[in-house]
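Subject: Handover of a structure for your review

Dear colleague,

Please find below the sequence and structure that I am handing over to you. My findings follow directly after them.

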Amino acid sequence: MRTPHALLATTAALAAAVVAPPPATATSTAAAVPAPGTYYVQSATTGLNAADSGGAVEQHRPRGNEDRQQWRLKANGSSSLLENTDTPGTCLGRNGDQAATVACTSADAAWEIAPAGTDRYTLKAPGAARHLTVAPKPSDATYPARLAVGGAGDLAAWYLTPVDPATGPMPPQEQRTLDQVTFLTSHNAYANGVDGGFAPPFVNLVPNQTRGIERQLADGVRGFMLDIHQTPDGAILCHNSCTLVSRPVALWVDLQRMVDFLKAHPDQFVTVFLEDYVDPGVLRAELARVNGLSDVLYRPDRTGVRQSGWPTMADLAAAGDRLLIFTDHSRSADQAAGLTRDSFGVMYQREWTVENYWSMGSGLGSSDWSCYSRWYDAGTNIPLTRTEPGFRPLFVMNHFRDAGLTATATTDNTKLADRARRFCQPAARKKPNFLAVDHYDRGNPATAVATLNSYTYP
């Protein structure tokens, strides 16, 4: 899933930090001025962070305590200062119509901070109608990196996200809502070499998992990322292509395994993420082959989730709604074809989740821990911070490389809780709900899941 074929072919030849609840620094409802503390200045439009870049202030991919993105908020008479934690004495300020770092003693370093809706703020130059803002987007590109000083409006809305956010105790089991829970998720769950073939020769030498779906379920995996391709036999689980794949597995076979597991374990919940390359009619026919699917299929589009938020896990179990299926396919493409996938119970992922970019780098060498939206480009802007009145999308956190080399994945998985806490949780302003990894049985990522399930993020 999401792995370039050429990269896998090349790399095939080479073939639990504890999170303590930090002190509270801000409330969930915007105050007139946030409490003094250390924050990320995060665009409400793009979800990217203001960063000092050689004296310019640019929006960069969230990188935790790296890349000069943390700002210490301090009172300055009737205004406020935002001092960069990496260069004391230097503050986020103005240089003409552009954002820049300036001496904290400069008049251009002062900002009047005012609420602009729940958790959002504006930063205005004292005595002038000039705001810190994202520069307007050219029609064929992403928003410019350099931040500007200009007029009010949506582009001038900011989150001040605490570096050490307030957390709360996890509610009792019967009161936990779906968006408060974190699930261990296997990336390319089908690419395991146990249940059947999954890729052409050589590529199949680098499986993403080493245990079959039934063992994954028994081990506590509750999220499954699956690639489906269209063949004369229906929707088949293969990586990039089913050509030359020996003994490939049909989607309905793995879904049947999950449905059977849920029937035997009525208190459990499973989510499937489809990287989806089939026609909607083919997918509908494939799902029709799964015995008992309708008994457990969860339909958030029919239960008021967009208006009232996610239900409790106890309510889902009581209703028998315990299998949630997402597709990364485009709704608009399906509408043009005359059949939408949600008409037969498959939800469009971009409408219900946010997700960080999938790759931390190649299968070898250093990794990129920056955490930013998978869906941010010239034509799409779905920031990790997206929320709606009464509704918070589920957060899918990807934590894997281009190729699932066992040794690399083992090391990466030991760092999962740390990346979730310091990089991805503040980037999304929410806890990850799905921690997606290669080789889930290595490096003990279940420890990170247990840690995240010990507290709530406001």
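How many residues lie between E15 and E16 in the hairpin that they form? There are two residues between these strands. Please note that this is a predicted model.

**Strand E15 and its partners**

Strand E15 spans residues 223–231, and seven of its nine residues are buried. Its pairing with E16 (residues 234–237) is antiparallel and comprises four bridges, with Thr231 standing opposite Gly234. Pro232 is placed in the loop between E15 and E16. This proline counts as exposed, because its relative accessibility is 87%. The C-alpha atom of Pro232 is separated by 9.8 Å from that of Val282, a residue 50 places away along the chain.

E15 also pairs with two other strands. With E18 (residues 270–277) it runs parallel over seven bridges, and Met225 has Phe273 as its bridge partner there. With E14 (residues 183–186) it is likewise parallel, through two bridges; here Thr185 is partnered by Gly223.

The largest nonpolar core holds 57 residues. The members that touch the most others are Phe224, Leu226, Leu251, Met258, Val272, Leu283 and Leu323. Beyond its neighbours within four places in sequence, Leu251 is in contact with residues including Leu226, Ile228, Leu274, Leu283 and Glu286. In soluble globular proteins, nonpolar side chains tend to be buried together.

Helix H4 covers residues 280–287, and its buried residues include Leu283 and Glu286, together with Pro280 and Leu287. These residues line one face of the helix, because they fall within an arc of 120° when seen down the axis of H4.

**Disulfides**

The model contains three disulfides. Taking the bonded cysteines in sequence order, they pair as 1-2, 3-4, 5-6.

- Cys91 and Cys104 are joined with an S to S distance of 2.1 Å, and the link is right-handed, with 95° about the S-S bond. Cys91 belongs to strand E6 (residues 90–95) and Cys104 to the loop between strands E7 (98–103) and E8 (112–115), so the pair ties together parts that are 13 residues apart in sequence. Both Cys91 and Cys104 are buried.
- Cys238 and Cys242 are joined at 2.2 Å, S to S, in a right-handed link with 105° about the S-S bond. Cys238 counts as buried at 0% relative accessibility, as does Cys242 at 17%.
- Cys371 and Cys424 are joined at 2.0 Å, S to S, and their link is right-handed, with 100° about the S-S bond.

**Salt bridges**

A search of the whole structure gives 28 salt bridges. Side chains of opposite charge can pair when their charged atoms come close.

- Arg331 and Asp342 meet at 2.4 Å, N to O. Arg331 lies in helix H8 (residues 331–337) and Asp342 in the loop between H8 and strand E20 (347–348), so the bridge ties together parts that are eleven residues apart in sequence. Arg331 is partly exposed, at 24% relative accessible area, whereas Asp342 counts as buried at 14% relative accessibility.
- Arg299 and Asp301 meet at 2.9 Å, N to O. Here Arg299 is buried, with a relative accessible area of 13%, and Asp301 is partly exposed, with 32%.
- Lys74 and Glu83 meet at 3.1 Å, N to O. Lys74 counts as partly exposed at 32% relative accessibility, while Glu83 counts as buried at 9%.
- Arg211, Arg215, Asp219, Asp441 and Arg442 are linked in a network of salt bridges.

Yours sincerely

Terms used
Residues are numbered from 1 along each chain as its sequence is written. This is a predicted model: local features need pLDDT of at least 70, side-chain atom pairs count only at pLDDT 80 or more; totals for chains, interfaces and linings use all residues. Side-chain values use heavy atoms; hydrogens and water are left out. A nonpolar core is a set of buried Ala, Val, Leu, Ile, Met, Phe, Trp, Tyr and Cys residues joined through side-chain atoms within 4.5 Å. Buried means under 20% relative accessible area, exposed over 50%, partly exposed in between (1.4 Å probe, protein chains only). Contact means heavy atoms within 4.5 Å. A salt bridge is a side-chain nitrogen of Lys or Arg within 4 Å of a carboxyl oxygen of Asp or Glu. Two strands pair if DSSP finds at least two bridges between them. The arc is that of the directions from the helix axis to the C-beta atoms. A disulfide is a pair of cysteine sulfur atoms within 2.5 Å.
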